Amino acid sequence: MLFNSWIFLLLLTLTLLFYYLPYLRKSQIYILIASSLIFYSYNYLPLVLLLLASAGINIVTSYYVVYKNPKYRKLTAIIGVVSNLFVLGFFKYSGLFARTFLVESGDLSEFLVSIPLPIGISFFTFQGISLSIDVFKENYFKGEEVIPKSFKEHSLKTLFYISFFPQLVAGPIVKAHDFLPQIKTKYLNEIDFELCFKNLVLGYFLKMVVADNLKDFTFWIEYPYFQYYESIDLIMMLFGYSCQIFADFAGYSLIAIGLAGLFGYKLRDNFYFPYVASSFRDFWKRWHISLSSFLMEYLYFPLGGSKKGKFRTYLNLFIVMALGGLWHGAAWSYMVWGFAHGIFLAIERMFFNVLKINSKNFGNVFYSVFIFIMVTFAWLLFKLPEFSHVILYVEAIFENFSFSFDTHLFFHILLYSLPVVVYHAFYLFKTRYQFSFVTRLAYLFYGIMLFLIISSSGSAGEFIYFQF
Amino acid sequence: MIKKTILITLLLIICYNFIVIESDLSTFQSESSLNTIKAEKLIYAEESKSQKIIIGSSLGVRLNEEILSEFYNLSFAGLSIYDGLKVIEKSEIKPDYLLIETNILWRTESKSFEEKLFHPISYSLKSYLPFMREGKQPLANMTSFVINELKKIKNISREENNSVDQEEHNQKVDNDLLNKLIQEQKKSFSEELNDKMLYENLEKIKSYIEKIGIEKSNVFFFEMPLNPLLLNLERPKKVRENLYQFFPKNEYNYITLPDTIEFITTDGLHLSSSESKIYSNYLKESFLKITGN
């Protein structure tokens, strides 16, 4: 079910209505679980079985980690993590494995390639991993504090944590230590409606007006169409795609945060003005924050982070970024994309070390622009999963050189990318100058955005991150 | 803050809706929006309801509007003829003549397009609030205005520079690409067509014609020209054979391709604009020859 569909609006309204009815207060979790399962299985009912199975694995392993023989705590936690990785690997990467390593016409190969990719699997399996590790490590809480003694109560809470619909299919990835302590009865008067409203309006605006309109123009990046375009068009389309992918995903995250807020749950920000990052390191602290912090906490640090010498630091960076890239999709180009970012990070780290620059205090407009350009070019690997097509696209930029351009394409991309530019510029001004008059007139901007959502939405498209 | 925001939105809606009603704003920004605009013009009766309608796929989209100005071209890029038939049926339009493109009959109808046009909520809203219709979008109209103004400045766009149009530019693109595209089309046009699927689709056309209530003799089947290498492959051949059986030539009208002309396409399937003019003239003349008006 799409957030921008009428049926979702109906589901949301009914869920909110029942959720805050005083005599149903004790059933709040049941109501949200039911809504979440309807939301998830709306287009394809059998999917719900996979979600329940995944939740089942995590319910059992996390409970056993906390309450069963302490001798087997570690083993149980490992089983929990491996089971989640197996589910993810089987459904997401079997096809890639078969295409790469098996003979094309074999029965096994055909079977593996035919396995469908269940929507949101990358997100809910990562949440399962977070649960297993958090209850085992107890870095944030004692296991008993968040895992109820009653298995039934624990099952409900865990199923709710895994399936909560605002973040179920495209994140933000919620960590167990952030979410589980929030599970309690919620009251209407505790809700910050203004904040939810702002998140929802901005989120829907970015998705429906910016991303959905841009997609009609960036469509021509596809092979072989791009070969018909001239350099300026190709660069403009790439710029547009960069804005589109931001608007699509940041928009989704804001909607998810706004929706969760309506039910009294706080999800962390997933984007923090990434295109004004002062370094590649900074970019990854601003882009898909829930994934980068997940990888940092559950992969980079356990690998030794930067504490085991220079070689290991760089190696760890490459491993984390390459696997982070592969998480995005079952194609080697995603791994290459992650690896490219690993290289950017490593070179930048070396460069900063040699020049003794403190990356935290570093700020240079030209370097920020350079980062944006590199990040934007790297998105080509997202749009064109065939690596040879990426090369052709870059070649076309140089070979089809001309000063003329497609006016229709150029100005439409410019128009729909403008909100992304303004959004980032607003942040820059806000941090540098007194901008209180803008804050006072915020309702005007939100009013215009709401009007444009109603009047200028593009054709509804799935969220780009659904495919991951 | 929420109340003020909603108030501003309502004010903007009232003002803009007034502008839309009072003026003749209409523009498109992409192929998908053009599909919707064409359909909505019929659905909301912005176009006369009794007319000659062409339905087709992206192939038919290339037909020349000026030459076929008496016809309403309801061909949809990326969609199928069934989407056009559905629009006519659901809008309760009874055209005087219906011209149906037959090239890609195996393509299925689009659920999302149907939902976009006929979802009860958006359908009702668009009926009463014209500003919500696709062609009336404020941002698209604003951009269209800016582009038109800028086009008055010389040398800014490729369209202005190369008056011959996109084709000249495209010809610069390596011929290998065109051959590659044709090879790919050849592969898909040579694939076997599922008999059951074809039968169901032809049945569907028949049932739409009945529902629309148009006389059989006012239905015209026509084929858009393709690259000659594709014309007689497995799929087009099979479609033609079955079509003649389902819709006999003595009951329905057929405008077959001229034997004497080899048309040039940009990618194997779609006519270039100069070729499209030639074919549009041919189509018009053939139609007039049969109907006599």
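**Entry 1: A:Ile413 and the cores**

Leaving aside residues up to four places away in sequence, A:Ile413 touches A:Leu214, A:Phe217, A:Met236, A:Met237, A:Phe239 and A:Gly240; contact requires C-beta atoms, placed from the backbone, within 7 Å.

I then noted that A:Ile413 is listed with A:Phe205 and A:Val210 as having the most contacts inside the largest nonpolar core, which has 129 residues. A nonpolar core is a set of buried Ala, Val, Leu, Ile, Met, Phe, Trp, Tyr and Cys residues joined through C-beta atoms within 7 Å. Buried means 20 or more other C-beta atoms within 10 Å of the residue's own, exposed means 12 or fewer, and partly exposed lies in between. Helix α12 (residues 231-262) of chain A gives the most to this core, with 20 residues. The core lies between domain 1 (6-190) and domain 2 (193-467) of chain A, because both give residues to it.

I also recorded a second, separate core of 39 residues, which includes B:Ile43, B:Ile54, B:Tyr82 and B:Leu117.

**Entry 2: conventions**

I worked with residues numbered from 1 along each chain as its sequence is written, and with chains lettered from A and ligands numbered from 1 in the order in which they are written. In this predicted model local features need pLDDT of at least 70 and side-chain atom pairs count only at pLDDT 80 or more, while totals for chains, interfaces and linings use all residues. Helices (H or I, at least four residues) and strands (E, at least two) are DSSP runs, numbered from the N terminus.

**Entry 3: the domains of chain A**

I took the division of chain A into domain 1 (6-190) and domain 2 (193-467) from an automatic or database domain assignment. Their C-alpha centres lie 27 Å apart. The contact takes 26 residues from domain 1 of chain A and 23 residues from domain 2 of chain A. On the domain 1 side, two or more residues each come from α1 (6-19), α4 (73-101), α6 (121-137) and α9 (165-168) of chain A. Of these, α6(A) gives the most, with five residues.

**Entry 4: chain A against chain B**

I found 31 residues of chain A in contact with 36 residues of chain B. On the chain A side, α11 (193-218), α20 (407-432) and α22 (442-455) each supply at least two residues. The largest share, 11 residues, comes from α22(A).

**Entry 5: the sheet of chain B**

I traced an open sheet of five strands in chain B, with parallel pairing and the order β2-β1-β3-β4-β5; strands pair if DSSP finds at least two bridges between them. The edge strands, β2 (71-75) and β5 (253-255) of chain B, each pair on one side only. Neighbouring strands are turned by 20° against each other on average, direction ignored. Four bridges join β1 (residues 52-56) of chain B to β3 (residues 97-101) of chain B. B:Ile53 stands opposite B:Leu98 in β3(B). Helix α4 (residues 81-90) of chain B packs on the sheet, touching β1, β2 and β3 of chain B, and its direction makes about 145° with that of β1(B). Axes are lines fitted to C-alpha atoms, for helices over the stretch in contact, and angles run from 0 to 180 degrees between N-to-C directions.

**Entry 6: A:Phe311**

I located A:Phe311 in helix α15 (residues 309-328) of chain A. A:Phe311 is exposed, because 8 other C-beta atoms lie within 10 Å. Its C-alpha atom is separated by 49 Å from that of A:Ala34, 277 residues apart along the chain.

Terms used:
Contact = placed C-beta atoms within 7 Å.
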